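This report describes aromatic pairs, charges placed over rings, a helix crossing and the surroundings of a loop residue. Please keep the sequence and the model at hand while reading.

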Amino acid sequence: MLAKLVSFDTTSSLSNMDMMTYMQDYLGGFGVTAKLIPNADGTKASLFATIGPKDREGGIGLSGHSDVVPVKGQDWRSDPFVLRQQGDKLYGRGTCDMKGFIACVLAAVPKMAAANLKTPLHLIFSYDEEIGCTGVRPTIEMLGKDLPKPQIIFVGEPSEMSVVDAHKGTNSFETEVIGHEAHSSMPHIGVNAIITAGRLMTALDDYAAELEKFTDERFEPPFTSLQIGMIEGGTAPNIIPKSCKFRWEFRALPDYDTSLFPAYLEEFAKVRLLSAMQEISKDCNIITRKLNQVPGLSCPPDSKAVTLALKLAQQNSSHAVSYATEAGLFEQAGCSTIICGPGSIAQAHKPNEFVAVGELEKCDAFLARLTEYCAIQAFLA
Ligand SMILES: [Zn+2]
């Protein structure tokens, strides 16, 4: 199953329809009807399927994303879209993040479908997770309306099958500086957008350094962190640049008030930069646009998802991670959510990505216990 899923090149920039219709057909073979939820232009879709009683609220959702990160520019020893086994490792794009989990779920479907479940299991497979968890959002909107709303959701992102109850959120922005063009010999009549952008970036960095004092040792690094990843500006060395744009993000601890970071930048711009710029030209400005936000995950102490997942994973304690996932969005929508999936995040997004066979075996055992649990246990939302 994993070899089949890896063979679909579902890089986020491409269509995932072949993989989705393959899964739909496969599920149909076991009497499971899967609904596809297409994007606006029909090039991609999420899949939602229920196994077990359809007339019952609640149930447990198994969530995964179908898309993978690009292989371009990476040094692969073999074709990334052909599964290759070497020793106890299975190599290929998405083996770990996160087709390994989806393959385990699909492989468990025959037993789930035959088990006469009392608690429904819902399969929720999304697209565009790798570009800001955007593809799952329309499906989440439909939960409790056009689709049943799971009481509990297990997101199978790679966690080496340990139970993860918290992750950081991602907040990304673009800041645009509009300066004033002039000949480079006349800096006093121009406003240099690149230098202004430099001051803004330094201010962001100083602010981020202050935030390092507020720590939560469950995370690595244990504080809200800043990253400035792209910059673009200027036209020639002898023209005072009119425009400069940079993209930045911060990865926030779940309890951090995410409005503070952009508010600080806005205040700094207003107090320290804007009036001097606008004295030279009224058109000068500093504009920050929010690009995307993925909320953090922070399970409450009495989380139903944590209690059940620890039992099924046969573990005593749950953990926190620094990468963002769709879990925060599900939790925000009122589904008790954790992360638990095969493979290690250390192998994700890298050339020669792999998942260890033992990790898939652990996931198979987890899903077998889940099936057993859902066959004997009926609970309502
Ligand atoms: Zn992932």
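## Aromatic pairs

The structure holds 14 aromatic pairs, a pair being two rings of Phe, Tyr or Trp (its six-membered ring) whose centres lie within 6.5 Å, with planes under 30 degrees apart counted as stacked, over 60 as edge-to-face and the rest as tilted. Y207 and F261 form one that is edge-to-face, at 4.8 Å centre to centre and 75° between the planes. This pair links distant parts of the chain, as Y207 belongs to helix α5 (residues 193-211) and F261 to helix α6 (residues 260-280), 54 residues apart; helices (H or I, at least four residues) and strands (E, at least two) are DSSP runs, numbered from the N terminus.

Both Y207 and F261 are buried, where buried means under 20% relative accessible area, exposed over 50% and partly exposed in between (1.4 Å probe, protein chains only). F250 and Y256 also form an edge-to-face pair, with 6.0 Å between the centres and 85° between the planes. F250 is buried at a relative accessible area of 0%, and Y256, at 14%, counts as buried too. One aromatic cluster is formed by F173, Y207, W248, F250, Y256, F261, Y264 and F268.

## Basis of the model

This is a predicted model, in which local features need pLDDT of at least 70 and side-chain atom pairs count only at pLDDT 80 or more, while totals for chains, interfaces and linings use all residues. Residues are numbered from 1 along each chain as its sequence is written, and side-chain values use heavy atoms, with hydrogens and water left out.

## Charges over rings

R84 lies over the face of Y91, 4.5 Å from the ring centre, and the charged end of K89 sits over the ring of F354, at 5.1 Å from its centre. The criterion is that NZ of Lys or CZ of Arg is within 6 Å of the ring centre and within 35 degrees of the ring normal.

## Crossing of α7 and α9

The axes of helix α7 (residues 304-313) and helix α9 (residues 357-376) come within 9 Å and cross at roughly 120°. The contact (heavy atoms within 4.5 Å) is made by L308, A309, K311, L312 and A313 of α7 and by F366, R369, L370 and Y373 of α9.

K350 is placed in the loop between β17 (336-339) and β18 (354-356), and K350 is partly exposed, with a relative accessible area of 45%. Its C-alpha atom is separated by 9.0 Å from that of V69, 281 residues apart along the chain. Leaving aside neighbours within four places in sequence, K350 is in contact with Q74, W76 and R93.

Methods:
Axes fitted to C-alpha atoms, helices over the stretch in contact; angles between N-to-C directions.
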